[in-house]
Amino acid sequence: MLTDDDQLVELNLVDLLHEADELRTVEGSTPGEKVAFIEFLLAICYASGTRPASAEEWPAWVDQKDALRPAADWLAKNRENEVWDLFHPTEPLGQNSLLAPFLDKHGAGPAQLVIEHVGDYNQFFDHHHLEHPKPLPVAQAFRAMLAQHVYGPAGRARMSGKDTLGPTITNLAATRLGSRIRVLALGSTLGETLRLNLAPVSGPPDEMNLSWTAGRDRRGFKTKPGGRPVSGPADLHSYLGRSVLLRPTPEGDAVDRVLLGAGELLSLKEEHLQDAVYAKKADGTTKPLWASASRAVWRDAHALYAAVAEARSSAGRNDGDTLYRRLALFPPEDVAPEPGQQPARRVELWAVGLVAKQTTAIAWVDGAFPFAPGLEARLYLASRRGSEIAEYVATALSRAAYAAWTVAYRNPKPADKAGQIARFDARRMHWEATQEPFDFLMDETTIGEPVHECLLDYAATVSTEARRFLTECLDSLPRNSQGAKARAAALQRFDDELASPKAPAELRGERA
């Protein structure tokens, strides 16, 4: 856990909840692991009945630093229960003990548990053999298991279903967050973060999923079942997306073998997607915003602000049933912050997703975007225009690369065209470099700087850097007259695109 003075400390779950307002955040080796651990903490809070009583009480409840004490007390009373034992013989925490007879024969090395280490659950990225013996420390194995439950991609497990629990044990479905962006509201402390993401729920607390063989009836593996209904938020945030079993080392301080198979299927409804924002697919349909290897999360940040703005403008609908409607319950500031002054309340909207190609995890993508009550319209304008400016500059770079190609290659073979144009295409460098000025744009907007002035500065920075990247790509041209012509044609095309009436006004030095 990370303290306010940037010190890493190790705490058990009870102490973590007791001291949540003295801790800045939880740590994880990846964004997904951190999200999965927060999900587990949210499940504990819901199971203990720790949540706001109503949407009306939520804004004030977020500021109550003792509001999480019931969760800590509940956990302290229940932690001696055997279901909290990671290596219990019949009810291991978060696991399926029914796999025990098959662990030695079908299990693999503990690195199989780590999403980022395994491609298709059969071959490690680093080509270590499946029986690579290095044990995984218990705390690390626990966090990796939580990440598998929440983010595990679809595919096939390496275990056989013929002589184990049934043929469908090997069919891994994409887990609850494996195919979409998860958005969490981050406060200045871990305690505030948990309270920001706890929704008002009526009725008695529901149960967590502490073990496959404890509590509710689970699916079988003879045939593929339908998704089971969600019983409540504790169930949702702790569901067992994988059947997994960990074997401890003789000392009990590490895991040396893992068996991984299919887990539960949930029947999710819109009410279970409280943080989701929706984006259009190429075919015109919409779905919750998804992670992409080619499109950074910040390019869609405006969708988060639009969701809050819509909730604030929807009279009578601010019932707290989505994260964005709850954020809209915070009263807006009477006046916007003076330039350079932080708003009275600042929250970060943290978006995290896993990019996977079939069964292989490719990369984690994430972005944190500032939010302040009442400033969502300004933040929406800044983020939307910032994305549009970056998109247009990328298009200009693409057209400039094409202009260089038409001069540099007079008699090209059709099969070589794409590779030849790519030689002059600076878009990859542009996208990698643009997140930092975009983040600066959003920070400046949050502290009251004039949006249009910020956008002008942002556009100047992005276009200047993009021209530099283009020039670097053109340096590979030969130092002869043809190379000089290709270089001049590309730079002129880039400049003409930015000066075009179709370009965003800020790229021409004008206010939109």
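1. Start with β8 and β9: in this predicted model, β8 pairs with strand β9 (residues 254-262) in the antiparallel sense, over seven bridges.

2. As a reminder, strands of a sheet pair through backbone hydrogen bonds, either parallel or antiparallel.

3. Now helix α6, which covers residues 138-151. From first C-alpha to last, its 14 residues reach 20 Å, close to the 20 Å expected at 1.5 Å a residue. Of those 14 residues, 10 are buried, so α6 is largely enclosed by the rest of the structure. The buried set includes F142, M145, L146, V150 and Y151, and Q148 and H149 are also among the buried residues.

4. On to charges. Side chains of opposite charge can pair when their charged atoms come close. Searching the whole structure turns up 34 salt bridges. The one I'd look at is R195 with D21, whose closest N and O atoms are 2.9 Å apart. This pair links distant parts of the chain: R195 sits in helix α7 (residues 190-196), while D21 is in the loop between α1 (13-18) and β2 (23-25), 174 residues apart.

5. For a local pair, see E465 and R468, which form a salt bridge with the closest N and O atoms 2.6 Å apart. Both lie in helix α14 (residues 451-474), three residues apart, or about one turn of the helix. An α-helix has 3.6 residues a turn, so residues three or four places apart point the same way. Here both partners are partly exposed: E465 has a relative accessible area of 28%, and R468 comes in at 37% relative accessibility.

6. R427 and D425 also meet through their side chains in a salt bridge, at 2.7 Å from N to O. R427 is partly exposed, with a relative accessible area of 33%.

Conventions: Residues are numbered from 1 along each chain as its sequence is written. This is a predicted model: local features need pLDDT of at least 70, side-chain atom pairs count only at pLDDT 80 or more; totals for chains, interfaces and linings use all residues. Side-chain values use heavy atoms; hydrogens and water are left out. A salt bridge is a side-chain nitrogen of Lys or Arg within 4 Å of a carboxyl oxygen of Asp or Glu. Helices (H or I, at least four residues) and strands (E, at least two) are DSSP runs, numbered from the N terminus. Buried means under 20% relative accessible area, exposed over 50%, partly exposed in between (1.4 Å probe, protein chains only). The expected span of a helix is 1.5 Å times one less than its number of residues. Two strands pair if DSSP finds at least two bridges between them.
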